[in-house]
Amino acid sequence: MGKFLISSTVTPIRLPQLHISIQPFSHQTRSLTSIFSRNSGSLRALQNEVFRGFTFINMPSRKPSYFCTNAVLSETQFPKMGAQSTGLIPANQLIEVVEKAAETGAEVVMDAVNKPQNITYKGLTDLVTETDKMSEAAILEVVRRNFKDHLILGEEGGLIGETSSDYLWCIDPLDGTTNFAHCYPSFAVSVGVLFRGKPAAAAVVEFVGGPFCWNTRIFKATAGGGAFCNGRRIQVSQTDQVERSLLVTGFGYEHDDAWSTNIDLFKQFTDISRGVRRLGAAAVDMCHVALGIVEGYWEYRLKPWDMAAGVLMVEEAGGAATRMDGDRFCVFDRSVLVSNGVLHQKLLERIGPATEKLKQKGIDFSWWYKPENYHTDF
């Protein structure tokens, strides 16, 4: 293998500000949920805050109406799944440890990206490297050093800690292992922490560039605190037509009925959209939705460590998340559809019925796994 120009530590690149066409007041309306949830201040102050940025339309012989975009309507159409609080641990303290854990794992991956890999297999094509295990060990050390009593679910190490804890860390030490093994630039380190079963804080370190130019960018989010990439706030796109959208999906290693159904969905959306990509790393795919460079992502057969960080990133960037049958989503589910929110219902018009057919065939869509005795708010 040739030489790579890499950094021995992870240094996020600085990205130019995204330029996304939105209605001038959309950045204000995104905070409506937090405004209502706090219920602070006088009613008059609350009304003033809520109606700021809305356009009044004078209708004859009627009271004034309020107009808002489809993007705002979508926020109320699909239920939120982020945590309402971070419990006894302040959000800024929690995200600091989450970010440090993800960056520590990413340092391990960066150090190994230019070296030959010792590969073993979980299945015929489902591979794992020593780097997966080393990255998870480094992440665990950070988490346990700061929160000894927290519960941890890692892709490689399984369940560790006290199930009585309100906090569950979902760790994917190397999301997109196959891509990593081939030096294909679509893999990441993903760390998400749940508070009573709901995403509270998340960080994803995405590897970008490729051979001779590896670099990283870091996404992070807290429930109610917004989503950021390299320190800059991000938001989903406002594309409201499927034919003008770019979409992403993924396929598991089991070539079963769910796999075949998604092949059909891939074909359908390829015909009616600008294209469907398959990158091979769920956390990366969802971060791209949050970044506003693709409009939607869906996949069957996912695990909590695949989704815990990415779904919070999308929601905090103004998008929506449901199961693929359209029902309320939680991290323990087996499928996910995330989108910019505006397109969510249109995507469900095809994805929903296809998923219902799978359920009628007896395909299991119950929770994949929830730690026994772990307390949740749902």
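Predicted model: local features only at pLDDT ≥ 70, side-chain atom pairs only at ≥ 80, totals over all residues.

**Sheet and its helices**

I started at Val248 and looked for its bridge partner in E15, which turned out to be Tyr297.

E13 covers residues 246–249 and E15 covers residues 296–300; the two pair in the parallel sense over 3 bridges. As a reminder to myself, strands of a sheet pair through backbone hydrogen bonds, either parallel or antiparallel.

Then I went for the whole sheet. I get an open sheet of 5 strands with mixed pairing, in the order E14-E13-E15-E17-E16. The edges are E14 (275–277) and E16 (320–322), each of which pairs on one side only. From one strand to the next, the twist averages 20°.

Which strands does H8 touch? I found that H8 packs on the sheet against E13, E14 and E15, and the direction of H8 makes about 160° with that of E15. H10 (residues 304–316) packs on the sheet as well, touching E16 and E17 (335–339). For H10 the angle to the direction of E17 is about 25°.

**H8 against H11**

I stayed with H8, residues 257–272, and turned to H11. Their axes come within 10 Å and cross at roughly 160°. Since angles over 145 degrees count as roughly antiparallel, that makes H8 roughly antiparallel to H11. The crossing of H8 past H11 is right-handed.

I listed the contact residues too. H8 contributes Asp257, Ala258, Thr261, Leu265, Gln268, Phe269 and Ile272, while H11 brings Leu347, Arg350, Ile351, Ala354 and Leu358. Sorted by type, the residues of this contact come out as 8 nonpolar, 2 polar and 2 charged.

**Positive phi check**

Arg196 came up, with phi of about 55°. I placed Arg196 in the loop between strand E8 (187–195) and strand E9 (198–208).

Asn373 is another entry, a residue other than glycine with a positive phi near 75°. I found Asn373 in the segment after helix H11 (344–360). Its relative accessibility is 62%, and because the cut-off for exposed is over 50%, Asn373 counts as exposed.

Methods:
Residues numbered from 1 in each chain as written. Heavy atoms only, no water. Helix = DSSP H or I, 4+ residues; strand = E, 2+ residues; numbered from the N terminus. Buried < 20%, exposed > 50% of the residue type's maximum accessible area, 1.4 Å probe, protein only. Axes fitted to C-alpha atoms, helices over the stretch in contact; angles between N-to-C directions. Parallel < 35°, antiparallel > 145°, perpendicular 65-115°, else oblique. Left-handed = near helix turned anticlockwise from the far one by under 90°. Contact = heavy atoms within 4.5 Å. Nonpolar A, V, L, I, M, F, W, Y, C, P; charged D, E, K, R; others polar. Pairing = 2+ DSSP bridges.
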